[in-house]
Amino acid sequence: MKPTDTSDPEYFHRVVDCQWACPAHTDVPEYIRLIAQGEFTDAYMVNRESNVFPGILGRVCDRPCEPACRRGRVEDKPVAICRLKRVAADLKGEFRDRLPVIPDISNGKRVACIGAGPASLTVANDLAPLGYQVTIFEALSTPGGLMRTNIPAFRLPGDILDSEIDVILDMGVELKLGHRIDSMAALLGEDWDAVFVGSGAPRGKDLQLPGREEASANIHIGIDWLESVAFEHVKEIGEKVLIIGVGNTAMDCCRSSLRLGSSDVKVMARKPRDFFKASDWELEDAEEENVEIVVNHSPKEFVLEDGRLVGMNFDQMEYQVDDDGRITDQRVIGERFIPADDVVLAIGQDNAFPWIERGLGIEFDKWDVPLVDETTFQATRPGVFFGGDSAFGPKNIIWAVEHGHQAAVSIHKYCQGEDVFGRLPVTMNLSSRKMGIHEWSYKNDYNPLERRLMPHVGLTERFRKLNIEVELGFSIEQTETEVQRCLNCDIQTAFTDQLCIECDACIDICPTDCLTITGNGPEEDLRQRLKAPADNTDQSLFVSGPLKHTARVMVKDENLCVHCGLCAERCPTAAWDMQKSRFSFPYATDEDEACRRRNLRSA
Amino acid sequence: MSYRPKPRIAHPGLKKNALGLTRRDYEGGMSTLCAGCGHDSITAAIIQACFELAVEPHRVAKVSGIGCSSKTPAYFLSASHGFNSVHGRMPAVATGANAANRDLSYIGVSGDGDSLSIGLGQFCHAMRRNLDMLYLIENNGVYGLTKGQFSASADVGSKAKKGEVNEQPPIDPVLTALAMGGTFVARSFSGDKEQLVPLIKAGLRHKGFALIDVLSPCVTFNDHEDSTKSYAYTRQHYSPALETDFVRPAEEIMADYDAGAAMSIELHDGSRIVLRKAAPDYDPQNRGNAFAYIKDKLRDSEFLTGLLYVEETSRDMHALSNTAVRPLVDIGWDELCPGSSALPGILKRYR
């Protein structure tokens, strides 16, 4: 293998698994260290810089960081990253003085954002400090988008949502509530410098089966029904409820049903548990509330008696699953009737743009979804940008935030007459964490503690009202423990081959056998020859240049490194050093600074 | 050194041996030697060898004298017996222990000071008795614990850290062992575990005194330019004469050997060592030739390494002394001591 180029930010970025997995690249280890030091406001601001809504995401983020967490590979359970984010948000002090100053004089550019969800709010958050006049159009009477209408208040309280949205609105962003955009042509006819579409994926999928029309009074589309519950248009539901589908929306539907008076809620899944789309923790929370999840039942028909829904018939399924966990065959082994007073359909959602006229230069693909560039988020018509669920279909809040950041960069460059593709690169800074002969400015001891569990409101108490938040948040003791579980993957093991005397000290001391000095070879071959099996090909191998005594190479399998720094402590020549990597992901404000510098230079 | 013990966390894919133990189960306490010390690598090699042999830790006794080297038994096999004895007197303690319990495996760790200066007599007599033990000399050419004075193994012309030149000829432990009748004589290097681990395994299984002289650079006092025991110098003047493979009893010899250059030697327990000769004219079973060859190479400043001499048919201390087959510790007091009524009969034999 060629020597690894660690000056390329991507190499060390991949080592920080959580940050690499986070669509918005939140600097997780850094904010966990700040929480450990009791610097909650600093921790909140590290979060806010990348994910904008730490209080919201600390409760309901989809947490791609957690399955990626190295701790989950070294032990069993990952660090409770999302819970710690909430700790920072719950305990933060005054932070508004740390927000960017909004210029008194606008830069004269006007940007229209459609839909007041996380994507549009992020665009506003990034552009308002640069002097843009941002106007957000929202069809409903409150901002927040799906964060408000589809996430029940017992998971995400309204006041948390309000406070984080208000921070952005207070930047001088104009919010037009109850203002549905019915015509893109009309909007484009107005005097806007750029238009951002962040209107989500607002159409819940329907299930056309026999009896659907006749029983429509008791069949509800999941996301519409949740919205009606959120706005208190729906206040009750039948005794027996079936939820069709087993994604996160289904989990919100079943738990909401319990709070609206139903006593028997079943979630009906077509496939076995391994194929569920819902996050594990959402499944756990629903099952804790005695929701029954029924697998291998494929909906067949709605059953009516006297013109009223009484239940559904299902095909009972059997699946052949191969060693890789893929379904190779399926067959129906029977039929089953399950009684129900109401049925909620939570089987997915689609984008819907009936309000965008064709012929405006905004091209659509064969599924009637607009063509959007994956880097710039620009539609085929310059000056029109998409983000959040409306760009590439339903994802989640953290993806919407990242789309918003990137769209804001594009909008800024577009409005300044620059090429939207000419974006600043990601950069990296490395700085040693060595303080003394065996002292590091981070806590490098491996702490064999188990993941803390989130305390919940009691099972009877939580059903008294619809909006009692179930999760209480970590206590101080739980926080103190959980922060010690972070492995500090951002404190990188940096190797200088010219200094190595091949004494083997690092190899002998490494607790997880990450290191090997051996002859070089192709990657597949090297992976076989290391001190411990390097089977996880998702994780990189570091390969040094030839070592000066024997021309062998130092190889490090990044997979299970616990960043304990013992290699660097045992190294007699400081060939190993522990260095903190800090990545800079360019936002609109960085593009703005770069633009100013360019203009100054040319002037 | 580091100020923290190695965390107990391990690679989840760590292999287990026949006893169900992992390599980590053979570790000991935290090393307090300097970072980069060759001795720590030798410790790791012992751990690896004991793991691969599936040695039962409680059937091992570790013995040592005084010096940096003699601290190391604390860093491996924490579940074994151990005795840290007086300077240079480890062979006497090991002899006593072995006399009382011949069934344990004995690992003695000594240094060039401990074995070649204060303990030279003890070292020679242990070989003369062919005491059944593995005896490792962690040889760095200096007294590291007392700030780097030359030891008895320092080469002529080697410079100390502050610049003094050594003028006295060294005592070479390998040549000494050959002269004293050593039955298993090897030399290796702390930086070459591929060679060292099979040697330790073979040494542990050899019936008799197994000496391995391990060149082990002192990073603090003897790793500079003009040192003849530095990592760089050792690698430049390192000449493997024989590559040793250790094959356990009833295990098939899997590797493909060139018939002319490979020789297989069976050990007492049925395991075999396969020696692959790098130098065709070298015979590791001819004491005189081996002595001359090694001496020639030393004159050319080359450290010949590998299993340099082996004699598996020799008798160990117990055989020479005609002692009981059962370990003395297992023999009851009544049987062990014939009592005062038998004493006159015994004394009568000497009248």
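To begin with the overall dimensions, what radius of gyration does chain A have, and what would a compact globule with 603 residues have?

Author: The model is predicted, and its scores are ipTM 0.89 and pTM 0.90. Chain A has a radius of gyration of 27 Å; a compact globule with 603 residues would have one near 25 Å, so the value for chain A agrees. Along the principal axes, the C-alpha atoms of chain A fill a box of roughly 90 × 65 × 45 Å. Within chain A there are 22 helices and 23 strands.

One of its partners is helix H3 of chain A, residues 28-36. The axes of H3(A) and H8(A) lie 10 Å apart, and the two helices pack at an angle of about 50°. H3(A) is therefore oblique to H8(A). Their crossing is left-handed. On the side of H3(A), the residues that take part are A:Val28, A:Tyr31, A:Ile32 and A:Ile35, and they meet A:Ile81, A:Leu84, A:Val87 and A:Ala88 of H8(A). Divided by class, this contact has 8 nonpolar residues, with no polar and no charged ones.

An angle over 145° would count as roughly antiparallel, and one from 65 to 115° as roughly perpendicular. H8(A) passes H18(A) in a left-handed crossing. The residues in contact are A:Arg83, A:Leu84 and A:Val87 from H8(A), together with A:Thr479, A:Glu482 and A:Val483 from H18(A). This contact has 3 nonpolar, 1 polar and 2 charged residues.

Helix H3 of chain B, residues 90-100, and helix H5 of chain B, residues 120-129, have axes that come within 8 Å and cross at roughly 30°. From H3(B), the residues B:Pro91, B:Ala92 and B:Thr95 meet B:Gln122, B:Phe123, B:His125, B:Ala126 and B:Arg129 of H5(B). The classes represented in this contact are 4 nonpolar, 3 polar and 1 charged.

As for chain B as a whole, its secondary structure comes to 12 helices and 13 strands. The radius of gyration of chain B is 21 Å, which agrees with the value near 20 Å that a compact globule with 351 residues would have. The C-alpha atoms of chain B fill a box of roughly 70 × 50 × 50 Å along the principal axes. The mean pLDDT of chain B is 91, and 97% of its residues reach 70 or more.

There remains the contact between the chains. Chain A gives 27 residues to it and chain B gives 23. On the side of chain A that touches chain B, the elements that give two or more residues are helix H19 (505-509) and helix H21 (566-570) of chain A. By class, that side of chain A has 16 nonpolar, 4 polar and 7 charged residues.

Key: Residues are numbered from 1 along each chain as its sequence is written. Chains are lettered from A and ligands numbered from 1 in the order in which they are written. This is a predicted model: local features need pLDDT of at least 70, side-chain atom pairs count only at pLDDT 80 or more; totals for chains, interfaces and linings use all residues. A crossing is left-handed if the near helix is turned anticlockwise from the far one by less than a right angle, and right-handed if clockwise. Helices (H or I, at least four residues) and strands (E, at least two) are DSSP runs, numbered from the N terminus. Two residues are in contact if their C-beta atoms, placed from the backbone, lie within 7 Å. Ala, Val, Leu, Ile, Met, Phe, Trp, Tyr, Cys and Pro count as nonpolar, Asp, Glu, Lys and Arg as charged, and the others, Gly among them, as polar. pLDDT is the predictor's confidence in each residue, from 0 to 100. The radius of gyration is taken over C-alpha atoms; the globule rule is 2.2 Å times the number of residues to the power 0.38. Axes are lines fitted to C-alpha atoms, for helices over the stretch in contact, and angles run from 0 to 180 degrees between N-to-C directions. Angles under 35 degrees count as roughly parallel, over 145 as roughly antiparallel, 65 to 115 as roughly perpendicular and the rest as oblique.
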